[in-house]
Amino acid sequence: MNIGKKFLSRIYLFISASLCFAQQFSLSDKTFTNPAVYIAFVLAALFCFCVYWISKESRKRLKNVISQDDLTGLPTQKYFKAEVRKILRSAKPGEYTMLSLDIVKFRYITETFSQQVGNSILIELAKHLEEVAPKGSLICRNYTDNFSILVPLAIFPVLEDYILLFTNIKPQTANLLPEHYQIEFSSGAYVIETTEEDVTFIVEKADTARELGRSGLNPKRLALYTDQMQNDAQHEKDITLDMNRAFENQEFVVYYQPKFRFDNGNIMGAEALIRWNHHIKGMLPPGDFVPLFERNGFIQKIDIFVFESVCRFLDRWNKSGINGTCPLPIIISCNLSRAQLYNPDVANLYAEIAGKYQIAPCQIEIELTESLMMDNKERLLKAMNEIKDAGFSISVDDFGSGFSSLSLLKDIPANVIKLDKEFLNTESENKKEKVIINSVINMAKELDLTTVAEGVEDQMQADLLKSMGCDIVQGFFYARPMPEEQYEALLRNAVN
């Protein structure tokens with residue numbers, strides 16, 4: 001409306017000026033005494049003015065489109081980087097820090113509460129950031145829910161304080177989300193020590209710190225970029241680019257770590273573990289790729305691969321005795337990942353694969369880590385009941401590593417609990433550790449649960465656990481994980 005009034009007033013002034021100008025000419029030039037020519041002159045002048053004004057406004061609007069995010073009004077990524085370059089030209093090393101801020105599970109918010117709610121949250125967050133950011137800061141929205149913030153600070157504790165300030169948007173979003181819902185953030189920081197560095201790399205380093213920090217021990221804390229992070233990020237990139245090729249080329253193999261009964265020392269089964277025999281780097285330790293697979297979802301493919309490999313092995317073993325009989329009944333345990341847990345058809349899928357190889361479900365034990373219960377207890381219990389109804393045994397791995405172990409025992413439909421191996425990493429004369437282990441074993445017996453001790457590495461640990469009545473043992477002291485052929489040879493030796 002204001003632009004319209006301004007435009008009309010300028011037209012009025014222009015016409016008045018044109019009339020005066022034309023009148024002056026009409027006094028000295030008879031051409032303008034003709035009304036038609038007089039009107040044509042005014043209209044032509046008016047047309048030129050309109051073209052000039054529209055062109056000027058279009059250029060102004062175009063500049064805004066190029067430099068402003070259409071949703072939040074913050075600078076666009078291109079404009080932000082250009083402005084950062086200007087700032088860094090006159091900055092000192094270590095004077096500025098690039099921050100990366102991201103809303104955790106933003107997609108869940110948009111899918112659950114609507115895209116409109118998600119957009120409103122982004123708008124409120126953008127306003128909040130502009131209000132509370134330190135003077136001299138520059139903010140932009142890179143994509144969806146990711147923000148880059150250049151701040152004239154480099155002291156880590158102060159940066160952490162500002163991150164807490166940035167992410168405190170409960171008041172601004174109170175009318176957008178249910179009262180109980182808490183928006184969570186992940187954040188990363190890169191202190192700019194080299195002001196000549198390309199801005200794109202600066203932003204990427206802050207993003208790298210955020211992404212790796214989110215998968216670390218303290219995902220809610222600000223992660224500060226280090227050179228090692230760059231190496232880790234490159235390693236993750238290489239693994240991600242190579243995993244599908246490796247799967248097609250059968251570089252993933254299943255190893256078996258034998259399990260033995262404490263009472264008689266006989267082998268009674270094994271845990272199936274994934275290994276990657278890389279065509280260049282050789283055998284990669286699981287810690288180099290399993291955590292990444294869990295984050296990018298590829299672990300679901302690995303879970304199915306391991307499970308089907310176990311079914312094939314059991315099928316062959318069950319028919320390898322005299323007259324096609326099973327020479328020694330065994331139980332193989334397979335790990336179920338967090339990603340697989342959210343597959344609503346996981347129980348039916350596993351039952352279908354087992355049926356394909358005519359494997360009785362009781363020969364396979366499904367292992368779930370206790371940490372899964374902290375993530376989504378309701379979904380976990382539903383999946384466990386479905387798996388148990390399909391006939392599989394259920395084992396809870398790393399029991400005792402979480403804070404909810406005892407309270408969960410009354411709810412989980414488990415058959416086996418595996419004691420967290422951290423219990424065994426203390427001196428044998430530690431009385432408290434002995435009391436805890438002994439209590440867990442006794443409690444498991446009262447609940448009719450089988451106990452497994454994993455990570456046993458010496459005779460002292462083995463004797464202690466056996467004296468306490470633990471049922472099954474697994475660890476390097478007894479046997480390391482081994483290829484399928486070697487494990488089968490171990491089984492045949494036990495039969496003979």
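Biologist: Leaving aside neighbours within four places in sequence, which residues is Tyr357 in contact with?
Modeller: This is a predicted model. In it, Tyr357 is in contact with Glu308, Cys311, Arg312 and Asp315, once neighbours within four places in sequence are set aside.

Biologist: And where does Tyr357 lie?
Modeller: Tyr357 lies in the loop between helix H13 (346-356) and strand E10 (364-369).

Biologist: Is Tyr357 buried or exposed?
Modeller: Tyr357 counts as buried, because its relative accessibility is 14%, and buried means under 20%.

Biologist: How many residues apart in sequence are Tyr357 and Arg316?
Modeller: They are 41 residues apart in sequence, and their C-alpha atoms are 9.3 Å apart in space.

Biologist: Let us turn to cysteines. How many disulfides does the structure hold?
Modeller: The structure holds 0 disulfides. Cys334, for one, is in no disulfide; the nearest cysteine sulfur belongs to Cys311 and is 7.1 Å away.

Biologist: Is Cys334 buried or exposed?
Modeller: Cys334 is buried, with a relative accessible area of 2%. Cys140 also counts as buried, at 0% relative accessibility.

Biologist: What does Tyr487 touch, not counting residues up to four places away in sequence?
Modeller: On that count, Tyr487 touches Tyr256, Pro258, Ile267, Gly269, Ala270, Phe313, Ile330, Ile332 and Met482.

Biologist: A last topic, the backbone. Which value does phi of Thr144 have?
Modeller: Phi of Thr144 is near 40 degrees, a positive value in a residue other than glycine. Most residues other than glycine have a negative phi.

Biologist: Where is Thr144 found?
Modeller: Thr144 is found in the loop between strand E2 (138-143) and strand E3 (146-151). At 42% relative accessibility, Thr144 counts as partly exposed.

Biologist: And what is phi for Asn323?
Modeller: Asn323 has a positive phi of about 55 degrees, although it is not a glycine. Asn323 lies in the loop between helix H11 (299-318) and strand E9 (331-335).

Biologist: Is Asn323 buried or exposed?
Modeller: Asn323 is exposed, because its relative accessible area is 77%, and exposed means over 50%.

Key:
Residues numbered from 1 in each chain as written. Predicted model: local features only at pLDDT ≥ 70, side-chain atom pairs only at ≥ 80, totals over all residues. Heavy atoms only, no water. Disulfide = S-S within 2.5 Å. Buried < 20%, exposed > 50% of the residue type's maximum accessible area, 1.4 Å probe, protein only. Helix = DSSP H or I, 4+ residues; strand = E, 2+ residues; numbered from the N terminus. Contact = heavy atoms within 4.5 Å.
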